[in-house]
Structures are given as structure tokens and as C-alpha cells.
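Open the model in your viewer and keep the selection panel at hand. The tour below goes stop by stop.

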Amino acid sequence: MNLHEYQGKELFRAAGIPVPPGETARNAEEAVAIADRLGYPVVVKAQVLIGGRGKAGGVKVARGPEDARREAGRILGMDIRGHAVRQVLITPATDIEKELYAGIVLDRKAETPLLMVSPDGGVDIEEVARTRPDRILRLHLDARGLPAYRARAAARFLDPRFAIQRRIAPILAQLARVYADQDASLAEINPLVTTPGGEVLALDAKVVLDDNALDRHPDLALMRDPGAEDPGEVEARERGLSYVRLDGTIGCVVNGAGLAMATMDLIQFHGGKPANFLDIGGSSNPEKVTAAMNILARDARVRAVLFNIFGGITRCDDVARGLLTALDRIGMRLPIVIRLTGTNEKEARDLLSSRGMTALSDMDEAVRAVIARAAEAA
Amino acid sequence: MSILIDRGSRVLVQGITGRDGSFHAKQMKEYGTRVVAGVTPGKGGTQMGGIPVFDSVEEAVAKTKADVSVIYVPAALAQDAIYESVDSEIPLVVCITEGIPVRDMVEVARYLKGRSTRLVGPNCPGLISPGRSKVGIMPGFIHTPGRIGLVSRSGTLTYEVVWQLTRAAMGQSTCIGIGGDPIIGTRFTDALALFQADDATDAVVMIGEIGGTDEEDAAALIESTMTKPVVAFIAGQTAPPGKRMGHAGAIVSGGSGTAREKMARLEQAGVPVAKVPSEIPRLVAEALARRRPKLRVVAGRAAAAKKKRVRAPVKKKRAPVAAKKKRAASGKRRTASKASAKRRR
């Protein structure tokens, strides 16, 4: 689960990381009231769950109330790569001396979190890694977390001045603590800035939480902003499905994540375009199948739907029953191609044929068929 | 033979009285697996479909000499279940559970270092040596005994490929689902080394997916130490960056972990990469066919195949070295499988 900048900053602030004050606004009036309180100049920052806000024009400085009203109004109406801006963060503009980078991610290979710091902050760390790899210091965290002496070593890499290092080192230790305590999969400060007055501040916060750990963080689970996500993805999550919207025309309903990915790939291989990734999991619960059908039926781009089920523990006849129940409940007008193989395949075919439907058994054949149906429907 | 599990494997089911545990314990037993014990705290002394249930793994191991544990407990309890089996020194622990927090697995990975237990999973279908033993949730009937090894990060996609192999009359020695999480106990490199050392495996099918760099590591291992042919498939070529595709570990992040990179690296290592799953049986057949005549030529005609002749002995030498290295690295893990083999006799 991705957090908004203002939410990440709340976590940082609570952990003792210095963060500039700030409040969020949902309209221009609120924005001006906050800016008046904080004092000008302020920065108006779009709160969207996607990177590249600055480049898209979603971060602007306002020097007075008129500026604030205009910029907040403009940014609140923006769409940043498919993400509508519904909130802006108003924060006092900071005098920046230097921009640094500090971030913690999971190093899958080393099976432990990795702290990365760079004196080249304010840009994509991937870009720094590509162009100036010597400007990144990597330190693995271990069972001890980040011991103070290692935090000091990282701070020395970031700034030569001892007075600044003394401020940076505890920030890095606290970042490591946030990462571990909150079950984060990413905790990033970019930029971490020094000011001419010798302060060190986190000007941005990017925090991604481990979805699998939200059960033990009820407070963090409440931070989820369903309005900032795709409605289909929100509904899918609530129904226990795994769904990702893509930009094609062929909807797919598959059991299992690997098979679902392979199905998308196969659609593309045969010249079609998948509209989504959708894994109904090991369940053949009719409710899940109905929910899946609902999501696809609402998607105006979908021209045809492919069911690809490999029955193992999931029984094909259960899925067929779920499909028929779903069709009874919602008037599905889209053409459907069904592929069933495995456990209770015959029973499933009998069920479907009693309703005038047939199922294929070969995956390539089914994919070619659904592409043809989608082309007819277009 | 097969890898990791065989007829002699004595299986303990953690969480045997739960919905999944009870169902799959029965299924495994029906397949022919020797399910010797179950563990559910508080249910000790009872039975589950003829399988004795114990309160703790320690007690179950003491009474039944179980040497494989398979875990079906909920995600919140999985870390503890793994620790319990590791502390009882069970050589092989297979964790089926999906949805374990990454931090729990980071801690498990640290704890496993220097210990003798091999973990398979989590978030995996388990493993099967067809006709011998099944430890997991895969449908037994799609498999058939044979000489192809299979290792995969997926569940149903693995079944799809197994089914295609079976229909192409290519039986399997062992199929391992290593799991779809970012941190897993057994990786491609571990499984490939085991298959390389297994006399009953002629070729290996490897099914990877987006996320991480385990497939790239596998390519490096194949290049340096494997003499058996490997055929690969990578799922997620059409996956958009930054989006998790169902599996917690299936995500392209920061431009790395893409299917294209993995496919290119594997091809560079000489691994045929299937564009679609249905291509796999043909690629396996071709890889096996390429290998045999080459060896025959080397053995037969000296002058005509001078180049090959130079190459072949090098390869032959390499194999035992690689196997030895692997044995040294995995330490007790092998001893464990040997022990179970002895017991069978």
C-alpha cells in the first residue's frame, strides 16, 4: 500500500525525523487559509500515489494568497498520469542549501533491508545508480537495525561537516526504525535537505507498506485512500481478488497469479491486448466469480472475456457453477470464451453445455478464439 | 531417485486440523505420501483421518521420526511454525502459507543461516516426486513419473506446464514450486544445483516471472556449472512497472526485474526460452536431442569433432566439481536425504 507524502511525513514526524510543518487542503479556499496561517512563500504539492509530480507541474511555489488560490485551484483539477489530484499539501517553502537522498528498500538477494544514501538528492535514485554509481553508499541492515556508528558512516558520506553529520545520523537511524516498526517495503526521503541555517529536513516522504502486514497495523490500514486508486482495483481487493487494470480490450479471469500473467502474455503474443490482470485465487466461490464479472462488465473498453481455469484443488465444475450464477445475476452482454482443464473438467463441460455454452481445453486455442470474438465485437 | 522427497519421506503436517491442512493431509495420503503426523496445539492425542495429531513438532518428531514438515497455518502464525520445525532440526520444511509479512521472512532467513534445515516456500504449491511422494497442494493426477525436473515460482502456471509435459509423454523426476514471495527459502539456483546432481533428472524446466533477479542468478549458475539442459519460461512480459501482479514478489521496480531482462540473460547463458508455455515440451525435446548426438560424436570420431572433443571433457570434469561444491555448501541437507534413502532400504 502506497502512502501519500503527507501521510509518510506524519510517520516520520512521529519517529522524530525533522519535517517542515504542513496541512492538506481539498479546495482552493482551504489552501489559502492554511497558507495564511503558515506564512508565505509556501509550496503547493499535489498528493497523488504516483511519482513525477514535479515534472508534471504538480508542485508550485506560491508567494501570496492570490498565488496560493490560483496554484491550488489549478493543481486540484489536474490529472497526473491517470491520477486525479484530490488533495494538495501546503507547506512553507524551505531555503535549500543541498539536496541529499536517503532510502531503505528490501534487498531480495541479500534477504535484508538495504539503506542507500547519496549526496545527489532531488533526482531519481535509479538515475544516479545508472550515471554515478560511486555517488551511492549501500549499507545492509541486520538484526541490530542500523547501529549508530554505521549511521555516522553514512552521514560522513553525505556531508563533510561534522555539525551536519550529527543531524543526519539520527535521521538515518530513525528512518531504519520507521521501516522496521511500520513493516514498510520502501521508506525514502528524497530530498533530504540541508539549509543555510544548518538544519537538516525531510522535504518529501515516500513510504510503501507491506500489504501482508497491515493486519498488525490497524492505524496504518486506515491511511488507505481508496479514492486515489482505480475503482476496479479497490473493489477487487475488498472481494479478495487480485486485479490490475491494463489498457487493452480483452478481459481475463484466471485462477493463479502465474497463469494469469502467462495468459496476458499469450493474448499479446497472438496479437490481442489484455484489459487486465485478474487472479480469482484458489477459490471457486461464486461470489468471487460474480465480483470478477462485475468489474469486467463495468469496464467500457472490454470487448470480450476469457476465462482460463486450470483445475487442481480448484474444481472446474465449481467455477462453471460460479460463472453461471454470475451470468444469472448480472446481464453480461460481452462474449465469453471459456477454457477449462483439470479436476472435474467433464462435469463442468456438462454444466456449461446445458446452458448452451462450450469450453475449450487448450490455452492457445482459447486465446485465439477470444481475440477473434473481441475483433467481431469492436 | 528424485530430489528432496521420495517414497521414504516421512511427512508431518503443521496445522492439520485447519481447513486447508486437513483437506491436503488427506489428499497427500491418498497420493501415497507417508503422512506420519499432524501438529495442532491443543489437539494432541486426537486423530485426523487416521493420522496421529500432536501438540508440538518436537513431540511429533520424537514419536514418528518425521523428516519433512509441511505448513498450512495462517500467515500470522507461519513464522512461528517455521521456527518450531527448524528448532526440531527437521531437514526439509515446506511452507504453503501465502501472505506472510516480509519482515517475518527476513527474520526467518537470518535464523536459517548456518542451520541445517532447508525451507521451500512460502507462498508455494509445494513439491512432488511423481509416483513417489507429494508434499503440497498440487493436483497429483496431472503428473507422471519421468526424468524432467521442474522448478517454478508459480502454482497454477506450473500445473499448466506439467500437464503439457505429461501429455507430451515427458514424465517428471521432481517438480518444486519455490514460491511467489520476495524472500523464499529455496531459490532457482538451489533447485538447479540439486537437479544437476540428481541421477534421475536429464533436463530441467524453469518457470520464472517478473520481480527480483533470481532468474539472472540462475543464468549465471547454468553458465558456470550446469551440464544438463535447462529450458525456461518467464511470465509477466506484459506486466506494467510498479504494479504487483498477484504474487508479492512479482513486481517490476525501478526498471529492474522485467521479463525482457530475464529472458535476454537466460538466452545469453544458452538457455532456450519459450515464448509461450505450449512451446516448452518441444524445446525440451530439442535440447535433449542436441545433447545426445554431440556426446556420441565426441566418443566416436576423433578428428571430425576436434572442437567438441575439447569442450566435452571440460564439461565432464566440471560436473563432479560442481556437485562436490554443492554438497559442501548444503552440508547436512544431503545427509538428510541420504538418511531417508537408507531408511527406505
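pLDDT is the predictor's confidence in each residue, on a scale from 0 to 100. You are looking at a predicted model, so colour by pLDDT before anything else.

**Stop 1: confidence.** Select chain B. Its mean pLDDT is 87, and 83% of its residues reach 70 or more. Now pick residues 295–345 of chain B, where pLDDT stays under 50. For this stretch the model has 39 contacts beyond four places in sequence. For the complex, the predictor gives an ipTM of 0.91 and a pTM of 0.88.

**Stop 2: where the chains meet.** Show both chains. The contact takes 41 residues from chain A and 46 residues from chain B. On chain A, highlight strand E13 (242–245), helix H9 (257–269), strand E15 (276–279), strand E17 (336–342) and helix H13 (363–377); each supplies at least two residues of the side that touches chain B. H9(A) gives the most, with eleven residues. By class, this side of chain A has 19 nonpolar, twelve polar and ten charged residues.

**Stop 3: helix H13 of chain A.** Stay on H13(A). Its end C-alpha atoms are 21 Å apart, which agrees with the 21 Å that its 15 residues should span at 1.5 Å a residue. Display Met363(A), Ala366(A), Val367(A), Val370(A), Ile371(A) and Ala374(A), which are buried. Look down the axis of H13(A): the buried residues fall within an arc of 135°, so they line one face of the helix. What covers them? The cover includes strand E14 (250–254), H9, strand E16 (304–311), E17 and strand E18 (359–360) of chain A, together with helix H5 (156–167) of chain B.

**Stop 4: Asp204 of chain A.** Centre on Asp204(A), in the loop between strand E11 (200–202) and strand E12 (206–209) of chain A. Is Asp204(A) buried or exposed? Asp204(A) has 21 other C-beta atoms within 10 Å; the cut-off for buried is 20 or more, so Asp204(A) counts as buried. Leaving out residues up to four places away in sequence, Asp204(A) touches Glu5(A), Ile189(A), Asn190(A) and Pro191(A).

**Stop 5: the domains of chain B.** Colour domain 1 (8–122) and domain 2 (124–288) of chain B, as given by the domain assignment. Their centres, taken over C-alpha atoms, are separated by 25 Å. The contact takes 22 residues from domain 1 of chain B and 18 residues from domain 2 of chain B. On the domain 1 side, select helix H4 (102–112) of chain B. H4(B) brings the largest share, five residues. The domain 1 side divides into 16 nonpolar, five polar and one charged residue.

How values were computed:
Residues numbered from 1 in each chain as written. Chains lettered and ligands numbered in written order. Predicted model: local features only at pLDDT ≥ 70, side-chain atom pairs only at ≥ 80, totals over all residues. Contact = placed C-beta atoms within 7 Å. Helix = DSSP H or I, 4+ residues; strand = E, 2+ residues; numbered from the N terminus. Nonpolar A, V, L, I, M, F, W, Y, C, P; charged D, E, K, R; others polar. Expected span 1.5 Å × (residues − 1). Buried ≥ 20, exposed ≤ 12 C-beta atoms within 10 Å, placed from the backbone. Arc of directions from axis to C-beta. Domains from an automatic or database assignment.
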